[in-house]
Amino acid sequence: MKYLKNNIKKISIYIISILFLEILFKIIVKNEISVSNIFYILLHSIILSSFLCIISNIFKEKINRIITSIILFIMGVLFSIQTIFYKVFKVYFSLSNLKLKDQLNDFKEELVKIIVNNIFYIILFLIPFILYLIFKKKLNTKQNNLASYLMYFLIILILIPCLYLNILSTKNKTNDLYELYFNINETSLNINKLGVMNSYEIDLYRTIFGFQEKIDFVEIKESNEKKKEKKEEKIIEYEPNTLNLTFKETSNNDILTINNYIKNEKGTLKNEYTGKFKGYNLVYITAESFSQIGINKELTPTLYKLTHTGFIFDNYYTPNALSTIGGEFQSLLGLYPDNDILNIWRSGNNYFPFGLANVFKNLGYNTYAYHNNLYNFQDRHKYLKSQGFDNYLGCYNGLEKRINCKTWPESDIEMIEKTIPDYINNDTPFLAYYMTVSGHFEYSFNDNYIAYKNRNYVKDLNLNESAKSYVATQIELDRSLEKLISELETANKLDNTVIVLLADHYPYELNLNSINSLSSYERDEIVEVNHNSLILWNNKMDTINIDKPCMSSDVLPTVYNLFGIDYDSRLFTGQDILSDSLGIAIMRNRSFVTSKGTYFSNNNYFTGSEDAEYIKNINQLVNNRLTISKLILKTNYYNYLFN
């Protein structure tokens, strides 16, 4: 009995510690707590605790205390990492992020501030470790005897089948335990439903042994989402935006998977807007942290004009996928990003025949790319070159000779003003790509040069400092667009120039309260926080409202269709928004929006009236597109297909 009590005390230390940390984490990041999830986490915690009792009580008492201390400390650190990472990027940490470790280094100043601001939470996560240090001499950490080992192994042997049965009971449920274990790989769902510790275990296993989601073709029965033409109008039969592809023989299973996927896809149809802007100039902008919540009719009149004329996309979303690099990936590739492949893209070694500059250079355009921060930040100089931009300018590879690169952040107005002369007076059509930076956090008048510069414009707004500072940064973007339009008009280039502007992500450094203080309606932090405006504008076009759900990765194929470019829509996971394709916006945790409603993956809740089959099919479509995006980058598929 004495040994039994001691063993129970030993295992209780770990069980209580893990449950404390899991519940504390959910409270801090405002993760949902459900009875079923807590029951599963409890089962897993007991199994994990039994294993930890085995490995932490092998040696003599003094060494065992050290091992136990280290284990409790590491657990506190692991939970702290998830919390800090989420606070900085609004996404959860996975081991694949280590491939982008230099990006974390680039954010080291922000990370230090976040750590300091959240030191209280870090201390809370270290409470089990601290308490153990205080009371360790009162706890029995003697070496396990045979009975102890038998007890722990017996617990593991009994509870693993119970855990498996619990998982098996969810086999027919979408995005639940069974699918997370065997079918899909989504860190945010793993953390929400399996717990942080189990998520780390799965992440480690899949990092070592690999994991690939299966493609399963589904038919989505949904009515045509385009506005129906009047009955008396003649029905036009449009051809698909596809090419005559040749699939070479290969033994690569991943390439065979993509080939099979493409063969089963019909592609999007050309439509009444195909070629509408053929031969026009294009200014294509990925705007740092741009959001419709920062648009104000009086303070940002140009942004207001551009988002209320031209094409107006009422249900456009900017999914946050690990900071700017994930957003720029979507805007330039028309694919959906994943942490596993961002490092591949950054290398610049993949072949992209449909890269923005590659496409327009083939049409005889002059192409230019600019960024008003460090030119090589996150290897931008490499991946822009792979898109065909041979004369890209950023700070410290030439742009610093034109603008002040010593402020933080730098000015969008200066960048636009000093680079327009490169292309404005040339008779050859041009493509100018800009990645802006003025909208970057921190949103504080003390730490943000642009916010400080424009503070007088926002000083009387009834908002907190963060929200005011954010609006101040958007004023800079607004004035840069005003300058762009003015110069185009002076040079008689405005009427035959198209301006496209999309965000890399929403301003995630703002908390939800600040975001909602700027929003015209109450937003949640999973889906609607990503609701945004997309600018696709020409001075001479009529205003056209589009209510179809769409997202960042849809923009590139939409632009290609508008410019009458021959491309294969099956090679993008984004879809031409103006076609009759299914409208869908996919969020970071696989929540989604369609014309039928909004689906929240965390609790498998759908706001519409469609049945479970519809939800299951859309989820499979989401999984298919995410998998294909990864495989295209992983296999350098375009090189296989076109070289």
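Student: Why does S289 count as buried?

Tutor: In this predicted model, S289 has a relative accessibility of 0%, and since buried means under 20%, the value places S289 in that class. S289 belongs to the loop between β1 (281-287) and α13 (301-308), and its phi, near 60 degrees, is a positive value in a residue other than glycine.

Student: How do you know whether R590 is buried or exposed?

Tutor: The relative accessible area of R590 is 2%, which is set against the cut-off of under 20% for buried, so R590 is buried. R590 sits in the loop between β12 (584-586) and β13 (592-594), and its phi, near 75 degrees, is again positive in a residue that is not glycine.

Student: What makes C395 and C405 a disulfide?

Tutor: Their sulfur atoms are 2.1 Å apart, and a disulfide is called when two cysteine sulfur atoms lie within 2.5 Å, so the pair qualifies. A search of the whole structure finds one disulfide, and with -80 degrees about the S-S bond this link of C395 and C405 is left-handed.

Student: Which parts of the chain does the pair C395 and C405 tie together?

Tutor: C395 lies in strand β5 (residues 393-395), while C405 lies in the loop between β5 and α18 (412-419), so the link joins parts that are ten residues apart in sequence. Both cysteines, C395 and C405, are buried.

Student: How do you know that C162 is in no disulfide?

Tutor: The nearest cysteine sulfur to that of C162 belongs to C53 and is 19 Å away, whereas a disulfide needs the sulfur atoms within 2.5 Å, so C162 is left without a partner.

Student: Which residues of the largest nonpolar core touch the most other members?

Tutor: Y284 and F311 do, in a core of 140 residues, and the largest share of that core, ten residues, comes from helix α3 (residues 61-89). Apart from neighbours within four places in sequence, the contacts of F311 include Y273, F277, L536, M541, I546 and L578. There is also a second, separate core, of 33 residues, with Y370, F430, L477 and W537 among them. As background, in soluble globular proteins nonpolar side chains tend to be buried together.

Student: Why are α3 and α11 called roughly perpendicular?

Tutor: The axes of α3 and helix α11 (residues 196-209) come within 10 Å and cross at roughly 85 degrees; angles of 65 to 115 degrees count as roughly perpendicular, and the two helices are therefore placed in that class. The contact is made by M75, L78, F79, I81 and Q82 of α3 together with V196, M197 and Y200 of α11, and these residues divide into seven nonpolar, one polar and no charged.

Student: Where are the cis peptide bonds that join W408 to P409 and F441 to E442?

Tutor: W408 and P409 are joined with omega at about -10 degrees, and P409 is found in the loop between β5 and α18. F441 and E442 are joined with omega at about 15 degrees, and E442 is found in the loop between β6 (430-435) and α19 (449-453).

Methods
Residues are numbered from 1 along each chain as its sequence is written. This is a predicted model: local features need pLDDT of at least 70, side-chain atom pairs count only at pLDDT 80 or more; totals for chains, interfaces and linings use all residues. Side-chain values use heavy atoms; hydrogens and water are left out. Helices (H or I, at least four residues) and strands (E, at least two) are DSSP runs, numbered from the N terminus. Buried means under 20% relative accessible area, exposed over 50%, partly exposed in between (1.4 Å probe, protein chains only). A nonpolar core is a set of buried Ala, Val, Leu, Ile, Met, Phe, Trp, Tyr and Cys residues joined through side-chain atoms within 4.5 Å. Contact means heavy atoms within 4.5 Å. Axes are lines fitted to C-alpha atoms, for helices over the stretch in contact, and angles run from 0 to 180 degrees between N-to-C directions. Angles under 35 degrees count as roughly parallel, over 145 as roughly antiparallel, 65 to 115 as roughly perpendicular and the rest as oblique. Ala, Val, Leu, Ile, Met, Phe, Trp, Tyr, Cys and Pro count as nonpolar, Asp, Glu, Lys and Arg as charged, and the others, Gly among them, as polar.
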